[in-house]
Every structure is written in structure tokens, then in C-alpha cells.
Amino acid sequence: MSKLATALGGAGLATAAWGFTELTRFQLHQHALPLLPPGTLRGRPEFRLLHVSDLHMIPGQRAKIAWVSALDALRPDLVVNTGDNLSDQRAVPAVLAALGPLLQRPGLFVFGTNDYWAPRPVNPLRYLVGGKRTPSYVDLPWRGMRAAFLEHGWRDANQARHEFQVGGVRIAAAGVDDPHHDLDSYEEIAGAPHPEADLALALAHSPEPRVLRRFARDGYQLALSGHTHGGQVCLPGGRAIITNCGIDRERASGLHEFEGMAMHVSNGLGTSKYAPVRLFCRPSATLLRITERRG
């Protein structure tokens with residue numbers, strides 16, 4: 001073996017080891033969004049929306065369980081979970097342990113394909129060139145997880161619309177099942193949100209432009225998605241190489257605008273158990289501090 005090959009191999013191993021250690025360096029992002037009509041909060045400074053996504057839990061991830069459950073200290077008014085909670089057939093107890101305190105708060109959820117079907121081994125080269133991967137179609141125990149979410153009062157937004165009030169804020173929410181694998185049917189939830197809603201939320205696991213466009217045209221204020229992992233293997237500065245969906249690389253994570261609608265894409269809290277590495281893209285959750293519009 002040449003010295004060059006040895007050096008490259010060593011650099012690759014070092015990079016992989018560093019990427020593995022990044023898996024538990026969780027971050028909390030925060031953004032302020034002036035979306036509410038004046039007077040909605042009645043003197044309160046903000047409405048707190050906690051966005052979590054892509055837990056991809058496997059048994060034994062104690063650091064992730066501890067960090068996610070501690071997010072309850074933020075006292076969110078609403079928790080939104082945009083899917084891909086599972087990465088193992090035995091992971092439902094770990095998901096419920098991580099989300100435990102948050103399940104006591106009002107919540108909404110949609111699912112991704114890694115809630116329904118188990119992950120499969122990934123060819124790293126194919127991952128880096130993007131493209132849609134065929135699901136394994138090996139069933140995961142999502143029904144029991146969904147039942148637990150519902151029993152705690154979270155609302156299932158998969159192909160559903162909801163209208164409810166939290167802390168004096170009237171919310172209209174609609175969601176679709178995972179559009180990355182064409183599980184969605186926008187026509188089932190099409191139409192403008194309730195005109196008296198203070199905050200109109202749109203949920204989809206994957207930020208696919210064809211669905212985001214429909215939400216924006218129907219008048220939703222804020223879309224929430226995950227799926228991209230922020231690129232997962234990024235260039236310095238968190239610049240995504242691929243997004244694994246239709247959204248452009250510049251909007252692979254974070255808070256952006258989409259055709260006049262605010263859009264937040266979470267870079268997620270986990271990865272597939274077959275691709276346990278993150279580069280320049282630490283796992284995160286996001287607290288959106290929603291305030292009143294001026295005037």
C-alpha cells in the first residue's frame with residue numbers, strides 16, 4: 001500500500017470517528033417569528049413552539065433520551081413532531097422515554113417512512129449523490145407509538161386538519177403523510193385554514209416543494225418539516241451537499257421563506273442506525289418564539 005493510500009485511509013477513519021462523536025453533541029436553535037395578530041398574547045411575551053424531528057431512536061441511546069426529555073424545561077406551549085421517530089423495531093419505549101415530559105404538553109405529529117418501515121443499509125456513495133431510496137417495507141411498531149401519542153393528547157396530523165386553542169392562541173393546523181414517498185394526498189386536507197385562527201401551521205415530514213406550494217397558496221403561515229438531517233454530511237459551515245428531497249440545499253435546514261410562507265426545516269436529532277455519522281451538522285431541536293406582528 002502506498003503512503004498516499006495509507007494517509008487517505010487514516011484521514012477517512014479519523015473523519016468517521018469525529019462524525020460519530022458528533023451524534024450526541026445536541027444543540028438547541030431558537031428563532032423569533034412575528035406571526036400573531038396584535039393583542040393575541042394578552043401581555044404574554046411569546047408563544048413557544050418546540051419543533052422536534054427525526055429521532056431515529058434505537059435502544060440504549062441514553063444521552064439522547066436525557067437531552068430530549070430535558071427540553072421540557074423550555075415550557076413550550078406546543079410541541080410539533082415531524083416524524084421518523086424509529087430506527088429499530090424495539091425502539092418505541094425509548095421514544096416514549098425521550099418524549100415523556102413533552103407528551104404532557106399539547107402536541108401535533110406527522111410520520112415519516114422510518115416510522116412505518118425499518119431502515120436498511122445505505123451505500124455511502126449513493127447517499128452522497130442523492131436520489132430516492134426504496135423503503136425496506138419491514139414493518140415497525142408505529143401503531144403502538146401512535147396510540148401512546150394519542151392517549152397523551154397529541155393530535156395526529158397525518159392527512160388531517162385540526163382547530164384548537166392553546167394559551168389563548170387559536171390554532172389551525174393541517175398535515176400530510178410523508179410526501180417523500182408519495183404517501184400524501186393534499187386534496188384530503190386542501191383549503192384555507194380557518195379565517196379566525198391566530199396561527200396557521202402546515203406539517204409534512206419532508207419539505208417537498210410541490211406540497212409546500214399548496215400550503216402557501218392556501219394561506220398557511222408556517223410550515224414545519226424534517227427529513228433532510230440538514231444534509232447530515234455537510235461542508236464546513238453546515239453547507240448541505242444533498243437534501244434527499246426536492247428542497248434546495250440552501251434551505252435544507254433552519255428558518256426560511258417559501259413563496260411568502262415561513263418554513264422551518266429541522267436537521268433532526270438522529271440518523272439511521274446504518275449511517276451513524278454527522279459532519280458539520282450537529283443534531284438539534286428548535287424553539288420557535290412566536291410573537292405578535294407590529295401594528
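Student: Which residue just after α7 takes a positive phi?

Tutor: The model is a predicted one. Helix α7 covers residues 209–218. Just after α7 comes a residue with a positive phi of about 100°, and that residue is Gly219.

Student: Which residues of helix α7 are buried, and why are they on the same side of α7?

Tutor: To count as buried, a residue must have under 20% relative accessible area. In α7 this holds for Pro209, Val211, Leu212, Phe215 and Ala216. They are on the same side of α7 because the arc they cover around the axis is only 160°.

Student: Which strands do the buried residues of α7 pack against?

Tutor: Packing here rests on contact, meaning heavy atoms within 4.5 Å. By that test, the partners of the buried residues of α7 are β7 (169–175), β8 (199–203), β9 (222–225), β12 (254–258) and β13 (261–265).

Student: What do the buried residues of α2 pack against?

Tutor: Helix α2 spans residues 62–70, and its buried residues are Lys64, Ile65 and Val68. They cover an arc of only 100° around the axis, so they lie on the same side of α2. An α-helix has 3.6 residues a turn, so residues three or four places apart point the same way. The buried residues of α2 pack against α3 (92–99).

Student: What percentage of the residues of the protein count as buried?

Tutor: The protein has seven helices and 14 strands. Its accessible surface is about 12900 Å², with 54% of that belonging to carbon and sulfur atoms. Of its 295 residues, the share that counts as buried is 53%.

How values were computed:
Residues are numbered from 1 along each chain as its sequence is written. This is a predicted model: local features need pLDDT of at least 70, side-chain atom pairs count only at pLDDT 80 or more; totals for chains, interfaces and linings use all residues. Side-chain values use heavy atoms; hydrogens and water are left out. Buried means under 20% relative accessible area, exposed over 50%, partly exposed in between (1.4 Å probe, protein chains only). Helices (H or I, at least four residues) and strands (E, at least two) are DSSP runs, numbered from the N terminus. The arc is that of the directions from the helix axis to the C-beta atoms. Accessible areas come from the Shrake-Rupley method with a 1.4 Å probe; for residues, only the protein chains shown count as cover.
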